Amino acid sequence: MPADIYFNVAIGGLLTGLVYGLMALGLSVIFGVVRVVNFAHGEMMTIAMYLAVVLFASFHLDPLLMLLPIAAVLFCAGYLLQMTLINPFISRPEHSQFMLMVAVALIIVNCLLMIFGPDAQAVQTSYSFDSFAVGPLIIDATKLYAGIASILVAAVLFAFFKFAPYGKAIRACADNYTGALVVGLDVKHLYALAFGLGTACVGAAGAIIVLIVDVTPPLGPAYTLLAFVIVITGGLGSMPGALLGGVLIGLTEAMAGLFFTPSAKSMFAFGILVLVLLFRPQGIMGRRLT
Amino acid sequence: MSEPRNVTLHRRHLLAGAAALGATVTAPAIVRAQGAALKVGVLLPRSGAQAGIGQDCFRGVELANPIFKGLGLPELQIMNADTETNVDVARARAEKLIADGAQLLVGAFDSGQSSAIAQVAEQKGIPFVINIAAAPPITEQGYKFVFRNFPTAPMILGDAFNNQKEVFEVGGSAPKTVVFLHVNDTFGMAMKNGLSAMMPKFNMPYEIKETISYDPTARDLSVEVAKAKATGADALLVVSRLNDAILMTRELVKQRWSPQAILSMGPGWYEDQYLKTLGKLGDGPLSFVPWYDPNKKVSKQLEAALGKKFPGINMNTNHVYTFEALMVAADAYKRAKSADPKALADAIRTTNITDNVSTGPGISFNAKGQNDKLKNSVIQNRGGKLVTVAPKGATNAKVEWPMKPYDKRA
């Protein structure tokens, strides 16, 4: 096989992995702060994807331009969900939280099925079939834009947690719940804010990924599972870990498809997960629990 | 309050009661045999990865009863079930349909799902007429209640090889190498195995440089297409479904690879959704598939009815073979004069419909329950429409060969 094929596939995997990473980042933020495992994560992303499809079909609005409004809608939905439904479950046993989120996921999938039907829906922009030729390399334009958008959104999120007062307060809640209460932080509001940020993140990822993948309601569970694989690989609760995990899984799937058989590429992603669980259970960038 | 009555039970009363009970029990069967519509459970993948095709098949169901009326066939009472593109769901839905009173089953587009339904039908003794499914083992199990009016994978392949040679001859050249991309579901694997076994016997002008399989629910086929392109093959040989056919075309355009031809031996490339989604980029692929004879009377009726009810939809395999499966059911019910499953199965076994739609002499079944007289056609996408380019004598256009490169299209 010519050498350029390896680079082409690797670049494609890297760019897809960045979008995966952004999606998993939302899950990591929610778990890292609220300590609730969001089993409806992929389903929330499909909501964002459908929003992008509807906006494009109705008004010809490019999903990349609609990224912020869609993220804002998902933020509000996440904030309200946390305040009304999830907050009462915070102190309940984990299995109750799991069942709650699984129920939310099932409701979302079925509502989407009722509204949009089972057909795959896509956004076909003017650049959907474009690619850039750089010497022997051919780079998919859509994936390139998606990858760049993912990096920008992730950078904004990192900056928020590093520099913004609310970001610091959320981190304080995540680090020491009792301490946050003692110093007078409104933990309930901050939890809702963190959950909203997580869903906004997955909303942005949905608006981006709809450029690459056609959306169907049953897509949600598949992406929830993928997000789990990524955050566990990268380190549960670690934001850089989620991004790194996404890139690693994207690259692994692409290269496994090239070197072995494409139908087995998911197997290799799960193989990475098993190796991480065996040799570094806290994930690549996760902190070891004492 | 009424007073309690003293009732003496006589032998005469018992006899009358038994007679009345007997009449009540047997009456529905008599009524059913004399005019009630046959309850047909139609199982199709109307959600999940094959939703588009399942819904397309259902158009054939919606057109059936009005046309049957004109042909003197009895009306059918359709009971719908969605298999959700899932073998286990297909099995469960078949059981439920039978429990709900279905007297005959039709479905299920996919070989894996049809195999599961066939097991249920055979176990319960309810006739099952397969509309579309090509995996050979389904009719090799010695089933007594399973019938298939659709070619098996070897039949499709045999016809495809012969028709390919005809197309190459008319086109004036043949690819020397091809790369074979296929889904790894039951149908895809059956076609792959059949291809390996049968190709040497047909002395094809090309060799297969590489075989690449992929998951039917794949969301991205960039790696698969990159790998195929890297082989440097002249043409693409594919066995796919609808969503993957669209994904593959997008990748061909993005990766700037225009093969000499796309030779499809399965669904996907001729579907309306494919044509509408891709516009001009959807032109060119050749599908070597079970099709319909446009000159048959019922074909014209079905085409007209489809055009009226679903404007803008091209008639295709999905409509034709789903319609014909129901036609087999209605014809058997008419001849059996009963909804008894065994009588229906016996009637299906002796089916001889010549006034039909599909290419070939008509519908009849061999001892295994397979219609082995079906023939394939070659369809090419041209300007959002489908034209028949082979076999000789059943064409309405000349093949456009080689396929116009993607970058040369407006």
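What percentage of the 410 residues in chain B is buried? Buried residues, each with 20 or more other C-beta atoms (placed from the backbone) within 10 Å of its own, account for 53% of this chain. The model is predicted; local features need pLDDT of at least 70, side-chain atom pairs count only at pLDDT 80 or more, and totals for chains, interfaces and linings use all residues. Residues are numbered from 1 along each chain as its sequence is written, with chains lettered from A and ligands numbered from 1 in the order in which they are written.

View 1. Strands are DSSP E runs of at least two residues and helices are H or I runs of at least four, numbered from the N terminus. From β3 (residues 104-107) of chain B, L104(B) and V106(B) point one way and L105(B) and G107(B) the other; all are buried. Strands pair when DSSP finds at least two bridges between them. β1 (residues 38-44) of chain B runs parallel to β3(B), joined by four bridges, and V42(B) has V106(B) as its bridge partner.

View 2. Three bridges link β3(B) with the parallel strand β4 (residues 128-130) of chain B, where V129(B) stands opposite V106(B).

**View 3. The interface of chains A and B.** Here 25 residues of chain A contact 24 residues of chain B, a contact being two C-beta atoms, placed from the backbone, within 7 Å. On the chain A side, α1 (3-34), β2 (137-140) and α10 (239-259) each supply at least two residues. The largest share, five residues, comes from α1(A).

Key
Buried ≥ 20, exposed ≤ 12 C-beta atoms within 10 Å, placed from the backbone.
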